[in-house]
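Here are my notes for you, point by point. Keep the model open while you read, and find each residue as it comes up.

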Amino acid sequence: PGGQDGYAARQEVYAGYAMLDLPLVRWLRLVGGARFEANNIQVKPFDIFGNPVDPNANAQVKTNDILPSASLIFAARKDMNVRLVGAQTVARPEFRELAPFVFTDFAGGFTTQGYSKLTATKIWNADLRWEWFPSANEVLAVSVFYKHFDSPIERMIATSPRLQTYRNAKFANNVGAEIEARKNLEFISKSVRDLSLGFNFAYIFSRVQVAAPVEGDFLAPTSEQRYLEGQSPYVMNAFLGYDNERSGTNARLLFNTYGRRIAFVGGNRLPDVYELPVHTMDATLAQRLHKNLSLSFNVLNMLNWRQRFVQGDSDEIFYSTRRGVFFVLG
């Protein structure tokens with residue numbers, strides 16, 4: 001408003017932690033501790049022509065957090081563990097998410113407006129994991145997990161067609177399970193002992209509780225209960241690897257895909273915007289040339305799968321783009 005199109009911002013984080021690694025008995029360890037973080041984020045918009053700016057547009061997120069964590073590690077065998085982990089973490093808004101003026105995102109063309117009343121998100125995590133290591137480079141693991149988000153920050157579509165902004169939901173819960181495996185192919189033949197296969201698959205059930213509208217804020221989410229923005233119901237990764245220590249050659253072919261997810265929460269009675277599944281394949285190659293010198297070459301997003309967004313239950317494309325293929329030489 002008023003032509004303001006810049007901001008001065010600063011963030012200060014002062015932190016410290018204490019940790020304890022305590023073997024209770026030969027087969028059971030307790031690892032725990034806590035981290036203290038004092039954080040202060042300030043965003044002050046200004047007008048480059050010196051026009052006055054509404055002081056209510058200033059944003060400040062100031063928190064003092066004690067973030068505990070604890071792990072119980074049960075060594076069932078030398079090559080097998082059961083882990084029970086609990087921890088608290090925090091996610092804070094970015095400067096541009098707090099700056100309350102309108103700008104155009106140079107990548108994608110969405111018009112974006114920050115929101116100065118955003119608050120930090122507190123996250124409670126719990127994880128139960130069983131893991132087996134048949135050899136040094138092999139693993140089979142199964143885990144179940146739970147996450148509780150207090151005031152998660154979500155992207156929203158405020159007006160038609162593409163004004164993007166941000167709001168805090170009231171809370172969200174994620175419950176899921178994951179399986180992970182990595183296997184060397186030497187059991188087939190010694191000629192393929194340098195090859196390995198791996199994958200992991202996670203299923204996540206997510207629910208959000210929408211907060212009551214803030215007084216004076218006319219943007220309200222359309223859906224009262226839904227998935228967490230950005231959270232897919234499933235995520236899968238797989239790879240085929242080649243690792244030859246004698247020649248110093250390392251290569252990977254990696255694949256990733258995920259399920260349909262909310263990309264933008266719909267507001268002002270607009271339906272939510274969903275991103276359809278995207279399949280990604282990357283290739284990496286590293287070759288040792290000398291004792292302290294190696295050459296790497298990466299090809300990223302080889303499939304160049306089109307990103308497609310739809311709004312509500314419609315199959316009509318709301319937005320579509322390709323990220324392109326990236327080549328990296330190092």
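1. Start at I153, which stands opposite N168 in β10. The strands involved are β9 (residues 153-157) and β10 (residues 163-168), and they pair in the antiparallel sense over 5 bridges. Two strands count as paired if DSSP finds at least two bridges between them. Strands themselves are DSSP runs (E, at least two residues), numbered from the N terminus.

2. A quick word on what you're looking at: this is a predicted model, where local features need pLDDT of at least 70 and side-chain atom pairs count only at pLDDT 80 or more, while totals for chains, interfaces and linings use all residues. Residues are numbered from 1 along each chain as its sequence is written, and side-chain values use heavy atoms, with hydrogens and water left out.

3. Back to β9, which has another partner to look at. Strand β16 (residues 261-266) runs parallel to β9, and 2 bridges join them. Look for I157 here: its bridge partner in β16 is G266.

4. Which ring does the charged end of R155 sit over? It's the ring of F264, with the charged end 4.3 Å from its centre.

5. Now move along to β18 (residues 279-290) and β19 (residues 293-300), which run antiparallel and are joined by 7 bridges. A hairpin of 2 residues links β18 to β19. To get your bearings, find T284, which stands opposite N298 in β19.

6. β19 also has 4 bridges to strand β22 (residues 326-329), again running antiparallel. In β22, F326 is the bridge partner of L300.

7. How many aromatic pairs does the structure hold? There are 6. The rings of F309 and Y319 have centres 5.7 Å apart and planes at 50 degrees, so this pair is tilted. F309 lies in strand β20 (residues 307-311) and Y319 in strand β21 (residues 317-321), so the pair ties together parts that are 10 residues apart in sequence. Rings of Phe, Tyr and Trp (its six-membered ring) pair if their centres lie within 6.5 Å; planes under 30 degrees apart are stacked, over 60 edge-to-face, and the rest tilted.

8. F309 and Y319 are both buried, meaning under 20% relative accessible area (1.4 Å probe, protein chains only). Finally, have a look at Y7, F101 and F103, which form one aromatic cluster.

Note on methods: Buried < 20%, exposed > 50% of the residue type's maximum accessible area, 1.4 Å probe, protein only. Lys NZ or Arg CZ within 6 Å of the ring centre and 35° of its normal.
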